Structures are given as structure tokens and as C-alpha cells.
Amino acid sequence: LSSSSAASDVYKRQKYEPIAILSNSMYPSYSRGDVVVYEKLDNMSLKKLSENSIIVYRIGNQYVAHRIVEVVSENGTISYRTEGDNNNAPDVHLVNIEQIKGVYRFHIKYVGFPSVWLHDYFNKEAAKVETK
């Protein structure tokens, strides 16, 4: 086992994971620059999520942490309609079980700002390159 492989295995076994919040879509629950810590769930627990739970899910390369506003069950498949607390409409796409990384447990104010600043810097630079 290489050290990077061993580190990867430890990371996969972690029950909780942090992410830096990039927007104010969930204000006042938490804000841009906060770190949200979410708990990874097994498939059975993911199917038992309910309205009002805040989930962390992945859409493309982006992580989103929004509140479940509706549980949708169609043909035996469960998916979730989500919305940011500070948004005036639900998210466009339903979230399926495979996209969900975990459920919100707590947040830490301001700790994520260095990650937010780096994200903004590199995305600004990428935008400059793409628009030339």
C-alpha cells in the first residue's frame, strides 16, 4: 500500500466531511464562507430522508447544500426537490440518491473563506482565459 493509497482509504472511511460554502443561498441557516460538515449516509438512510433535511449533493463538479422541500416517489424511485432557504424558487433538477453525499450536521462560521477566495480567484482567471 502506498501512502497516498492508505490516505485515500482513511478518507473514504471518514463518517463526516467538510465543505466550504460559496454562496448565500442558505442564509440565514449558514452563509458564504462558512464550513458545513455533513455526515455520509448508507443507501437505506438516504432513502429515509424527509422534508426539511439539509442535504449535500453533487451536480456536475459542484457540491450543493440545500434543504429538501419535497420527497418525490415515482415508479418506486425516490428523489428530492431542494431549495436554498434564501432562494425564491426550488432548484431546477430533482436530486437522486446517487448524487447525495450526505446530510448536514453543523457548520462553522467563516472558516471556509480561504477556500472561497481561492475558488473565486481561479474561476475568475478561468473566465478570463475562456472569454479571449
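**The whole chain**

The model is a predicted one, in which local features need pLDDT of at least 70 and side-chain atom pairs count only at pLDDT 80 or more, while totals for chains, interfaces and linings use all residues. Residues are numbered from 1 along each chain as its sequence is written, and side-chain values use heavy atoms, with hydrogens and water left out.

Of the 132 residues in the chain, 32% are buried. Here buried means under 20% relative accessible area, exposed means over 50%, and partly exposed lies in between (1.4 Å probe, protein chains only). Among the contacts in the chain with a separation of 6 or more, 53% are between residues 24 or more positions apart; a contact means heavy atoms within 4.5 Å.

Next, colour the chain by secondary structure. Helices (H or I, at least four residues) and strands (E, at least two) are DSSP runs, numbered from the N terminus.

**The sheet**

Select the strands. In what order do the seven strands form the open sheet? The order is β1-β2-β7-β3-β4-β5-β6, and the pairing is antiparallel. At the edges stand β1 (16–20) and β6 (95–96), each with a single partner strand, so one side of each has no neighbour in the sheet. Two strands count as paired if DSSP finds at least two bridges between them. In general, strands of a sheet pair through backbone hydrogen bonds, either parallel or antiparallel.

Now select β3 (residues 54–59) together with β4; six bridges join them in the antiparallel sense. Ile54 stands opposite Arg67 in β4. The hairpin of these two strands, β3 and β4, has two residues between the strands, and Gly60 there takes a positive phi near 65°.

Continue to β4 (residues 62–74) and β5 (residues 77–83), which run antiparallel and are joined by seven bridges. Arg67 stands opposite Glu83 in β5, and Val71 stands opposite Tyr80 in β5. The hairpin of β4 and β5 has two residues between the strands, with Asn75 at a positive phi near 50°.

**A glycine in β7**

Select Gly102, which is found in strand β7 (residues 100–108). Is Gly102 buried or exposed? Gly102 is buried, with a relative accessible area of 0%. Leaving aside neighbours within four places in sequence, Gly102 is in contact with Tyr38, Glu39, Lys40, Ile55 and Val56. Select Tyr16 as well: the C-alpha atoms of Gly102 and Tyr16 are 8.5 Å apart, although 86 residues separate them along the chain.

**The largest pocket**

Rolling a probe the size of a water molecule over the atoms shows where empty space is left.

Select Ala20, Leu22, Gln62, Tyr63 and Val64, which lie nearest the centre of the largest pocket among its 15 lining residues. The space in this pocket is about 320 Å³; a volume is the space filled by probe spheres set on the points, which are joined across faces, edges and corners. The largest share of the lining, five residues, comes from β4. By class, the lining has ten nonpolar, five polar and no charged residues. Ala, Val, Leu, Ile, Met, Phe, Trp, Tyr, Cys and Pro count as nonpolar, Asp, Glu, Lys and Arg as charged, and the others, Gly among them, as polar.

**Backbone details in the loops**

Most residues other than glycine have a negative phi, and most peptide bonds are trans. Select Pro28, in the loop between β1 and β2 (35–39). A cis peptide bond joins Tyr27 and Pro28, with omega about 10°.

Move to Asn52, in the loop between α2 (43–46) and β3. Asn52 is not a glycine, yet has a positive phi of about 90°; Asn52 is exposed, with a relative accessible area of 55%.

Finish at Tyr110, in the loop between β7 and α3 (113–131). Tyr110 has a positive phi of about 70° although it is not a glycine, and Tyr110 is exposed, with a relative accessible area of 57%.

Note on methods:
1 Å grid on protein atoms, 1.4 Å probe; cavity = no way out; pocket = protein on both sides within 12 Å on 5 of 7 lines; lining within 4 Å.
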